[in-house]
Amino acid sequence: MNYEIVVVTGDVMYYFPCNRWLAVEEDDGQIARELVPVDEAFMRKDEDEDGTGGATLGLEQKSMSTTYTLKIKTGEKEYAGTDANVFAILFGENDDTGEKSPLFLSFITNKFEQGQINEFTVEAVDLGDLEKLRIGHDNSGGSPGWFLDWVEINAPSQGQKIRFPCGRWLDKGEDDGAIVRDLYPAELQTEVYTPFVPYEIKIFTSDVFAAGTDADVFIVLYGQNGLGTQQKHLCVNERERRLYFERGAEDMFIVELEDIGDVIEKIRIGHDNRGTNPGWHLDRSEDDGETVRELVPSDIITQKLLRDGTLKTTEVEVEDALETHTYKVSVRTGDMHGAGTDANVFLTIYGDLGDTGERKLAKSENSKNKFERGQVDRFTIEAVDLGQVSKIRIRHDNSMVAADWYLDQVEVQDVETEEVYMFLCERWLSKKKEDKQLDRTFFIKKYTKCSHPQVLGWIISSPMASADTPHFVRNVNLIPYHFTLSTGVDRDASTTARVYVIIMGPNEVETDRLWLDLPEGKKSLNAGGMEHFVCYGTDVGEIKRVEVIYSITVVTGDTQYAGTDTNIFLTVFGANGSTEEMLLPKRGDRSVQFERDQEDTFTLEIDDIAPLKKIRVRIDGSGCRPDWFLDRILLRNLTTEEEYLFTYENWLSKTKGPKRTKVCELPAVVDDEEMVEKTSYIVQVQTSDVGGAGTDANVFLILFGEYGDTGTLALKESTNRNKFERKMKDVFRFPDMLSLGELSKVRVWHDNKGPAPGWHLEYIDVKDEAMDQTFRFPCDRWLAKNEDDRQIIRELACANNDSIDLKYEIATTTANTDDASTSENTWIVLEGRKARSKEFVLENKKKKFLCGATDSFEFSSKHLGEIAGICLGHVTKDGKKVKKEVFWHVLEVVVTEMELGNKYFFFCDAQIPLSAKKDHFMTFECYKSVESFASKVRKLVPVKYEIIIITGDVKGAGTDANVFITIYGVNGDSGRRQLRQKFRNLFERGKTDRFVLEMLDLGELLRVKVEHDGSSSNCGWFLECVEVTNTANSVTTIFQCGKWLDAQKADGQILRVLYPRY
């Protein structure tokens, strides 16, 4: 029903137009509305236009009202949904939406069901910032009880998205019996953004046969410099889609979108091609099948409404309007099995002046059946000038049976400028292959400027033009790299030097030096700071790793028979990982290296794992002189000039010296300080109390921690004479070990020897005597060939539970400005992801909170989870009333979980007023956090990995040797695992063998090492491929090989390291 209310006060007449439904079954379902007055001249204008006297709701009213979008989440609990009629009242700082006429939210069928999120739109006038939400129901219906999770209110014109948490029942039979609740904003969950502004959009549908549409129409507005709004759908429901966009109709919409400035350079308008009659005639013909158009303005019309109701109109022609360009797109599908797709493909082209928006590649100009194997399909896209094209985004919807698609390359030709842009893709868009992505973004690989248009078609269809072709080619291999650089919090971590990065990819491709230049006015990279940089460099493909070059000097001791010709191996451990074991290279004349009192220097490239903590040196005892007296090893970083000294001064030998060992671990010494301290590990092994739990086999383990691993430890000398018996606890002591810091996992196994090798392990406890801390590793599994999953090796994660009470250190830094200090107390509340702490009073004793000072406090609390925010207050010591304004200027707060070592940084730089009560405070969000190693490793869980080995289909490809695999990931490695199955002939020509191994989650896989032991007469093996699937998340990583592992063929190697194929 149309409403127009006229109020006369004295000589002033107020008009309140409505033109909206007040009906539960129409519009937004509301039966109460707030109306705003409009000027009398506005009413006269409307009468002149259509003679009806009923004003339309335009920008005049919209600018005075606010649109609120309410999202209401019903909880996941059983019977959480409700059949009752739900209402809401919004309370702001200026007004509310009306307690006597609340907003009813019950006009959607099957609303407020369990786990459902319902969305509603309401309008209100001048509420100001929202302070409270009252929500409830009338207790009607068969099942009125309701568990409300939360309500989220989005007010675009205010630039706020506010979360009102609830998490309680509105049920007379549950909780406290209330069916109406007052909810308050969660300040830490409030999202603030740039406020939207209203736009009035008028759309004229052509007056030709079947011009109207039932499709869902959307629009995007673009201002200068490519600034655009989000894509906005003009109809909110199916009913509106049926009412609008009819033949010859003029439809007006008021929408709130981002402010793109005063100049609108273009608009993009389209629809989803759905509905009974989706075709739409909008001043264009429909012969090209496009459902998206880009339009540029021809005139700017300015209208000014005068007091007498006349409209003053000024019309100016747009100068330098953007041109519409035609882009010819050639899409080449790869020439491999299954490369073609039947799915719907969508493309977006990006340039420095904007983008095309997503366009469906619906109609190939040269093929009826598009995107087939080895085929090139051509399409035409019309769009406003994009400028220099830089990238494309391409995806498909995974529809139809054969959806997988291998995309080879895409070429885009700007017909007007005669420029061609090539994008090399060479990737699968598939839910089953590679990284299972359907959506990819590619940057430009080659830019071609043609001087002869007649040869342009040949250049597009060929991936490489000949040298005689008359055109100029400029390779554009630069892509953006985004860096986030975090400087450590240690002493002297800052630098004023100019920093650069070199990125390395496969096949020795690398960038030039990419200089990370600081923004203007910033002089240095400060300790604890985090900076963001964007640099353009050569596209190196997959970034394998960042490597550092070290000079290594090995000094052999000056004692009789100190020299050796044995093989020497080195493993380096750092705070950020470790290297694989490396064989120190030998020159052709073996006699001149590692001789008595001699220094041998090498250059090694290793991953950037600094700062270095320790090294492990091992000899294999081969050669005529297998014994070696090692004096020291010096490692020097050739980039930073940092030096690490490792001193041994002892024998590596099974027959000489006091230790009788072929392996040693040495701590790094920097400035006469050892980077790792020594400790003793007490290992307690508890065998389970089940039948046949004990074992006669030899048991081994490796401890893993913050600073690497211990290497293999044989569990030989127990406190019990007969080790590993049922229900027994065996204790082993390993003295003079280099501390690993916080322990993360244990790898334990046995050699399956003895009359009863099967073993049921309950748990392992490891005590670090230097730290005086015990780490527990539960197992409760068999290590047996005939039990459980038949594995005799297990990886056990550290299960040290978070303490009931954790200690938190709170460090506050007072600003170094006048009047920043305070002599009063302050208080803090920690907001965690799991819980909220109580109020901690930071007592001002012994002159704390002085200018520029950092003060520390310790408190105990239940585990709060990740700290997301803090509340800070400033309160008097005696609780007396504050007589004058007093402030505490706090610069920064750092919260540290002392047991776990996690740090949370809060940048405040705020003046907190003094108050007598704890009802005034300020909130701050965490801007940076540093997760400790201990926190990370305790999240590791056991995962089963499916390993598929494909043997090649060539003559003699199969092997009878024992095959082993080691899998490496970002969280560590699996250890060397034998691939075997009972009663099966494995690794035969052309066959596929499947194995399942359990280990702690390795994270993203980096590489695998596959080898065999050369046993049996037919040991040569042609390995085609290895596939490893994490069964927990179904991610498959493929490692191509296609090589022999045969001492008599090819390069004679029987070990291969394979990297993922992306």
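Trainee: What makes the meeting of the side chains of Arg-747 and Asp-973 a salt bridge?

Mentor: In this predicted model, the N to O distance between the side chains of Arg-747 and Asp-973 is 3.2 Å, and a salt bridge asks for a side-chain nitrogen of Lys or Arg within 4 Å of a carboxyl oxygen of Asp or Glu, so the pair qualifies. The pair links distant parts of the chain, with Arg-747 in strand 51 (residues 743-750) and Asp-973 in strand 66 (residues 972-973), 226 residues apart.

Trainee: Why is Arg-747 called buried?

Mentor: The relative accessible area of Arg-747 is 4%, and buried means under 20%, so Arg-747 is counted as buried.

Trainee: How many salt bridges does the structure hold, and which residues are linked in a network of them?

Mentor: The structure holds 47 salt bridges, and a network of salt bridges links Arg-781, Asp-788, Asp-789, Arg-794 and Glu-998. As a general point, side chains of opposite charge can pair when their charged atoms come close.

Trainee: How do you know that Arg-163 forms a salt bridge with Glu-152?

Mentor: The closest N and O atoms of Arg-163 and Glu-152 are 3.2 Å apart, and the cut-off is 4 Å, so the pair is counted as a salt bridge. Arg-163 lies in strand 9 and Glu-152 in strand 8 (residues 146-155), so the pair ties together parts that are eleven residues apart in sequence.

Trainee: Are Arg-163 and Glu-152 buried or exposed?

Mentor: Arg-163 has a relative accessible area of 19% and Glu-152 has 13% relative accessibility; since buried means under 20%, Arg-163 is buried, and Glu-152 counts as buried.

Trainee: What of Gln-160, and why is Gln-160 called buried?

Mentor: Gln-160 has its place in strand 9 (residues 160-170), and its relative accessible area of 18% is set against the limit of under 20%, so Gln-160 is buried. Not counting residues up to four places away in sequence, Gln-160 touches Asp-129, Ile-153, Asn-154, Ala-155, Glu-191 and Tyr-193.

Trainee: What makes Arg-618 and Glu-581 a salt bridge?

Mentor: Their closest N and O atoms are 2.9 Å apart, and the pair has to come within 4 Å, so Arg-618 and Glu-581 meet the condition. Arg-618 is in strand 40 (residues 612-619), while Glu-581 is in the loop between strand 37 (577-578) and strand 38 (582-583), 37 residues apart.

Trainee: Why are Arg-618 and Glu-581 called partly exposed?

Mentor: Buried means under 20% relative accessible area and exposed means over 50%, with partly exposed in between; Arg-618 has 28%, so Arg-618 is partly exposed, and Glu-581 has 41%, so Glu-581 counts as partly exposed.

Trainee: Why are strand 60 and strand 61 said to pair?

Mentor: Two strands pair if at least two bridges are found between them, and nine bridges join strand 60 to strand 61 (residues 903-913), so these antiparallel strands pair. The two form a hairpin with five residues between them, and Gly-901 in the turn has a positive phi of about 85°.

Trainee: What joins strand 61 to strand 63?

Mentor: Strand 61 and strand 63 (residues 928-930) pair in the antiparallel sense over three bridges, and Lys-903 stands opposite Val-930 in strand 63.

Key
Residues numbered from 1 in each chain as written. Predicted model: local features only at pLDDT ≥ 70, side-chain atom pairs only at ≥ 80, totals over all residues. Heavy atoms only, no water. Helix = DSSP H or I, 4+ residues; strand = E, 2+ residues; numbered from the N terminus. Buried < 20%, exposed > 50% of the residue type's maximum accessible area, 1.4 Å probe, protein only. Contact = heavy atoms within 4.5 Å.
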